Amino acid sequence: MFKKYRWFIVFLLFLAGAFNYMDRVAFSITAPFIAEEFNLTPTQLGLLFSSFFIGYAIFNFIGGYLADRYGPRKVFGGTLALWSLFIGATAITYNFASLYISRLLFGFAEGPVGTTSNKMVNNWFPAKERATAIGIYTAGMPLGGAIAAPLVGLIAIQFGWRTAFVVLMILGLLLAYIWMKLTKDYPQQHPKVSEAELREIQLDQGNDSDTSKTEKVSLWKIIKHPTILFTAVAFFAYNYNNFFFLTWFPSYLTDAKNLSVHDMSIVTIIPWLVGAIGLLAGGFLSDYIYKKTKKLMFSRKIILAIGLFGAALCVGFVVLVDTAAAAVALMAIAVFFLYLTAMIYWAIIQDTVPRNNVGTAGGFIHLISNISGIIAPTVTGYFIESTGTFNIAFFLAASLAILGSLAVVFFVKPIKTEIDTVNTNTFHN
C-alpha cells in the first residue's frame, strides 16, 4: 500500500492526530450534559476548558526536550498511552474539582504530541516534502473532530457521557500499542526502508542530516531571532482562534443559536471537514510555491498571511448573522483559512532551526503559542457571563488573527547564517 515507508509513518501520525482531536473535542461536545449535572457556570466551564492547556503548554516544551534526548518514538508512544488513560479518567469525575484535575492531567499527557510529531517528520522526510507531510498528518486532527462530534454526541445521548470517555480510552491504548510495534526514530533503523528511499531522504534533509557533525546552538540564540519570535506570535493568534472554536463553538450553537445537542453534534461536523481540506491544501500549496519560486520562506509567509487574515474576517462576521446555518458556514470558511496555516509554523521551525535543536526549539515556541489555550477559554467564559453574549469573544479572536497576519508580513524574513561556530550550520534560508 505504501511504496515508501515514510508515508506509512505519516499515516500513523494521521491516525494519532485524529484520535488526539477526538479526545479534545469530546469534552466540548459533552459540556452541556456535564455543566447541567455539575451545575457549572460559564466561568467554571471556561476554567475547565483552560485547565487542559495549562498542562499542555508546559509539556509542549518538556516533550520537545525529551524527544531530542530520547527519541520521538518512545515519547510519542508513551504520551499516547498516558493521555488515553487520563481521558478515561474523566468518566469517574464527580464535581468541578475532580474534573479540573483530570483535564489538567490530560493536558500534561498530550503536551508532547505536537513536538514529537514534528520531530518524526524532521527525521523521516526530505525538506521538499515536509510541509506536505505535516499537512497530511495534521489533517487527521479536524477529521478526528468531525468524527468525534456525532460519535461522542450519540454515545452520550444513548449511554451517558461517561461511556464516551471509556470508549475513547480503549481506542487510544490500542493505537499506542500499534505505534510502538511499527515505528522507529530514524529511517535507517527500520528494516522496511529501502536503500533508495534512505538516499532520497538524506540527500535533502536541509538542516544538518548528519547530526554527529552538528553542534547544538543555545536555545536563546535561536528564539531571539525576529523570525522565530514573530512566527510564535502568529502561532499564538492561530491557536487562540483554534481553541476558541474547539472549546466554545458547540456551546455557542446550543446557547446562542438554540440548537439541541443532537443537532449541534451533527452540524459541527461541517467546519471540521472543511478544516481538513484546508490542512491538506496548505501543505501542498506551500511546497508547490517553493518548487516554482525556489523561495522557501516566501512559500511559507504567503500562506500564513493570507490564511490568518481570511480567518479573521470570517470570525468577525459570525456575530453579525442571525441563523445557526450562517454561523456554521462562516465558521467553516474561517476554519479552512485558519487550517491552511497550521503546518506552516512547524515548517518554518524545521526550515530554519538546526536539526539537533528542532524538538526543543519547537517545543518552546509551541509552549508560547499554547498559552492562548489557557487564555481563550477562560476569557471567553468571563465575557459570556458578564455580557450575556459571545460578541466580544468573537471580535477579540478576529483581532488577534489580524495581528498575527501583520506580524508575518512585516517581521518574518529569511534567516541568514549569523552564528559562526566551527562545524555548525546554524540557520538556513
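Helices α1, α5 (113–124), α6 (130–159), α10 and α16 (358–387) each contribute at least two residues to the lining of the largest cavity, where helices (H or I, at least four residues) are DSSP runs numbered from the N terminus. The model described here is predicted, and local features need a pLDDT of at least 70, side-chain atom pairs count only at pLDDT 80 or more, and totals for chains, interfaces and linings use all residues. Residues are numbered from 1 along each chain as its sequence is written, while side-chain values use heavy atoms, with hydrogens and water left out.

**Enclosed and open spaces**

A cavity, on a 1 Å grid over the protein atoms alone, is a set of points where a 1.4 Å probe fits but cannot get out, whereas a pocket is an open set with protein on both sides within 12 Å along at least five of seven lines; lining residues have an atom within 4 Å of a point. Grid points are joined across faces, edges and corners, and a volume is the space filled by probe spheres set on the points. The structure holds five cavities of 30 Å³ or more, and of the 20 residues that line the largest cavity, Y21, M141, Y238, W346 and H366 are the closest to its centre. For the largest pocket, which has 13 lining residues, those closest to the centre are P32, A35, L45, S251 and D255. Helices α1 (5–38), α2 (42–70) and α10 (226–255) each supply at least two residues of this pocket's lining.

**The nonpolar core and two buried positions**

A nonpolar core is a set of buried Ala, Val, Leu, Ile, Met, Phe, Trp, Tyr and Cys residues joined through side-chain atoms within 4.5 Å, and buried means under 20% relative accessible area, exposed over 50%, and partly exposed in between (1.4 Å probe, protein chains only). The largest such core has 120 residues, of which L13, Y238, F249, Y252, W272, Y339 and F394 touch the most other members. Helix α1 gives the most to this core, with 18 residues. Contact means heavy atoms within 4.5 Å, and F394, not counting residues up to four places away in sequence, touches F244, F249, Y252, V315, V318, V319 and M331.

A332 lies in helix α14 (residues 324–340) and is buried, with a relative accessible area of 5%. Apart from neighbours within four places in sequence, A332 is in contact with I270, P271 and V274. S50, located in helix α2, also counts as buried, at 3% relative accessibility, and beyond its neighbours within four places in sequence S50 contacts G373, I374, P377 and T378.

**Confidence**

The protein chain averages a pLDDT (the predictor's confidence in each residue, from 0 to 100) of 85, and 91% of the residues score at least 70. Confidence among the helices is lowest in α9 (residues 219–223), at a mean of 72, and highest in α7 (residues 161–182), at 95. Over residues 208–214 the pLDDT stays under 50, and the model has twelve contacts for them beyond four places in sequence. Where pLDDT is low, the predicted coordinates should not be read in detail.
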